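Notes follow in the order I took them.

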Amino acid sequence: MNYIVIKCGGSVLENLPKTFYEDVISLHQNGDWTPIIVHGGGPLINKLLNNLHVETSFVNGLRVTNHEVLDIVEMVLSGTVNKQVVRNIIEAGGSSFGVSGVDGCLLKAVPTTDESLGFVGEVVEVNTTVIESIVKQGHIPVVSPIGIGENGQRYNINGDVAASAVAKALEANLCFISDIPGILVEKNGEKFKLDMVTKAEVEELIENKTIYGGMIPKVKAAIDGLVHKIPMVGIIDGFEKNSLVEYVNGKNIGTKIVLDEEIA
Ligand SMILES: Nc1ncnc2c1ncn2[C@@H]1O[C@H](COP(=O)(O)OP(=O)(O)O)[C@@H](O)[C@H]1O
Ligand SMILES: CC(=O)N[C@@H](CCC(=O)OP(=O)(O)O)C(=O)O
């Protein structure tokens, strides 16, 4: 099966055009690709935390997650956002089935090594049978990034990290849909997009702070995926018309991430 994991960032989710979902559905219906959506929802979590006067902070793009934050994160991701994406696909004429990483122990997790992050998890195992059975029923799976660990403990997993874990488990292509045309760098006061970056370049861009915030987990998850044999990883603009279709057809769109140039 030619799986493609499409990670929809919270930065674009609320405003993705209907044509985006129509493109996902057409990939599915043409039979060449089996799309799986993994979503984020950071801005909506921020909004609810703010409304409830709960403080929030990030370390290297990951949200520090205590009990109170964890409750709200799960509510937003596995409730509001997951069902919104499922509805969007139905509205665009497709069929989809939403699950959280907790359902069927889809995303088995352990706490991340940085203890100061609280209940932030890393995925240690993906129960691919959950995805496979949804696909078998003819639905597009929509996954929210909450993981489950020992004794039923929930974990907040960054959407990019969850998407990469699912792609690794299925040996799938991976595509990050975000609100930027790709990785941007500044030269002579002007910003331009990189068509391709290597692992070494990514590390340098993080080091010199050209890559910051939510882009850090994205590129780290991309590299981790490539190291574990994901065939292709890219970051593309969700608002650009046909971007997803062009990406799967190998057009030069967004930023392609590679381990090194020889194997590009
Ligand atoms: N070098 C960079 N190029 C492009 N965007 C970057 C870069 N470094 C940091 N960013 C930020 O990363 C954001 C995308 O990450 P994030 O907000 O987590 O998006 P998403 O919700 O789509 O996962 C961009 O909107 C931008 O603010
Ligand atoms: C640990 C961690 O940072 N989890 C993220 C999960 C949502 C997410 O990843 O949303 P985006 O894709 O919109 O960034 C969070 O709490 O915001």
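Which residue just after α7 takes a positive phi? I found Lys209, with a phi of about 70 degrees. I keep in mind that this is a predicted model.

**Helix α7**

I stayed with α7, residues 199-207, and looked up its buried residues. They are Glu201, Val202 and Leu205. I then checked how they sit around the axis. They cover an arc of only 100 degrees, which puts them on the same side of α7. An α-helix has 3.6 residues a turn, so residues three or four places apart point the same way. Next I looked up the packing partners. The buried residues of α7 pack against β14 (196-198), α8 and β16 (255-258). On the face turned away from the buried side I noted the exposed residues Ala200 and Glu207.

**Ligand 1**

I listed 18 residues around ligand 1. The closest are Gly9, Ser11, Ser178, Gly214 and Met215. Two elements give two or more residues to this shell: α1 and α8 (215-227). α1 gives the most, with 3 residues. By class I noted 7 nonpolar, 9 polar and 2 charged residues in the shell around ligand 1.

**Ligand 2**

Here I listed 16 residues. Gly10, Gly40, Gly42, Arg63 and Gly159 come nearest to ligand 2. I looked up the elements that supply at least two residues each to this shell, and they are α1 (10-13), α3 (42-51) and β4 (62-63). The shell around ligand 2 divides into 5 nonpolar, 10 polar and 1 charged.

Key:
Residues are numbered from 1 along each chain as its sequence is written. Chains are lettered from A and ligands numbered from 1 in the order in which they are written. This is a predicted model: local features need pLDDT of at least 70, side-chain atom pairs count only at pLDDT 80 or more; totals for chains, interfaces and linings use all residues. A residue is near a molecule or strand if its C-beta atom, placed from the backbone, lies within 6 Å of it. Helices (H or I, at least four residues) and strands (E, at least two) are DSSP runs, numbered from the N terminus. Ala, Val, Leu, Ile, Met, Phe, Trp, Tyr, Cys and Pro count as nonpolar, Asp, Glu, Lys and Arg as charged, and the others, Gly among them, as polar. A residue is buried if 20 or more other C-beta atoms lie within 10 Å of its own, exposed if 12 or fewer, and partly exposed in between; C-beta atoms are placed from the backbone. The arc is that of the directions from the helix axis to the C-beta atoms. Two residues are in contact if their C-beta atoms, placed from the backbone, lie within 7 Å.
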